[in-house]
Amino acid sequence: VSHSVHLPGFFATQAPDELVQLEKDLAIFVEAKQIYDQARFIDETGMERVRVDFADGRAKLVAQDKLQNKGSRYFFTDTMKLDQGEIFVSPFDLNIEGGQIETPYKPMIRLATPLFDPSGQRRGITILNYYGNDIFSRLNTAQDNNVAFIELLNRDGFWLKSKQPGREWGFMLGKKATFATEHPDIWQRMQSEPDGQVMSDSVLWTWSRIHPLQNGLRSAVGSHLPAAPSAAAMSAADYHWIAVSQVQSGIDAPSQLAMASRYALLWSVALLLAWIVSWAI
């Protein structure tokens, strides 16, 4: 929508027919891509002016009386600070509707860019919601049935995907437990070694850090609250997840072949997830 021929006309006239054309543009785009849960044009006040949801293989326009003001959400305020052509990529978190976390949970990564009129004035943002369950389904497909479950952590050690679902999205739900609090020694190794493998108490830990953003993209730490700003900006280099697996072993020294195969799997999964997000952007 940032390149729609109907945007300059709408900015100049606020004509309803230009808005209708924008709706059609977004609907065509969403149906063609089939990877975005939502596509929106949000004006400079934070009000959704056009929203298209993707469900059951079809693009569905949201009625004007159902549109919401997103002016207090971190992704809006952070995107409005960017220069023309820059792209904001949100942290991987849960969708919020009407001030509440949507249930069933909808994991999201939001891709947004600011909009400017011909005079250079900021007029809002366009934003796409990439449905994160696509990442998890591909993660499940990539896992070898012969190795342990692969968990996915965010940069702070909270579980995005866990073999214990009750631990997932703790940072959104006010939970304090993290991988760092449960396994502090392993977490310290993860911070100093982006990719690694270690035996600890007869458990083989294998991990790989995932950097899905290209240099130049912008992000922030985000917020789990519907009306709170990001605490800090974040560079593409700082934006990362960690794929980790653990294998309980009855012996202290598993074969080098087994260790190498598990490490290779984690590395392959890390590359796959990084490619998926880069492709979506």
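**View 1. Lining of the second largest pocket in the predicted model, by residue class**. The lining has 11 nonpolar, five polar and three charged residues; Ala, Val, Leu, Ile, Met, Phe, Trp, Tyr, Cys and Pro count as nonpolar, Asp, Glu, Lys and Arg as charged, and the others, Gly among them, as polar. The volume of this second largest pocket is about 300 Å³. Of its 19 lining residues, Pro 91, Asn 154, Asp 156, Phe 171 and Val 221 are the closest to the centre. A pocket here is an open set of points on a 1 Å grid over the protein atoms alone, where a 1.4 Å probe fits and protein lies on both sides within 12 Å along at least five of seven lines; lining residues have an atom within 4 Å of a point. Grid points are joined across faces, edges and corners, and a volume is the space filled by probe spheres set on the points.

View 2. Helices (H or I, at least four residues) and strands (E, at least two) are DSSP runs, numbered from the N terminus; two strands pair if DSSP finds at least two bridges between them.

**View 3. Pairing of strands E13 and E16**. Strand E13 (residues 203-210) and strand E16 (residues 241-248) pair in the antiparallel sense over eight bridges. Leu 204 stands opposite Val 247 in E16.

**View 4. The cis peptide bond at Pro 104**. This bond joins Thr 103 and Pro 104, with omega about -10 degrees. Pro 104 lies in the loop between strand E7 (100-101) and strand E8 (107-116). Most peptide bonds are trans.

**Notes.** Residues are numbered from 1 along each chain as its sequence is written. In this predicted model local features need pLDDT of at least 70, side-chain atom pairs count only at pLDDT 80 or more, and totals for chains, interfaces and linings use all residues; side-chain values use heavy atoms, with hydrogens and water left out.
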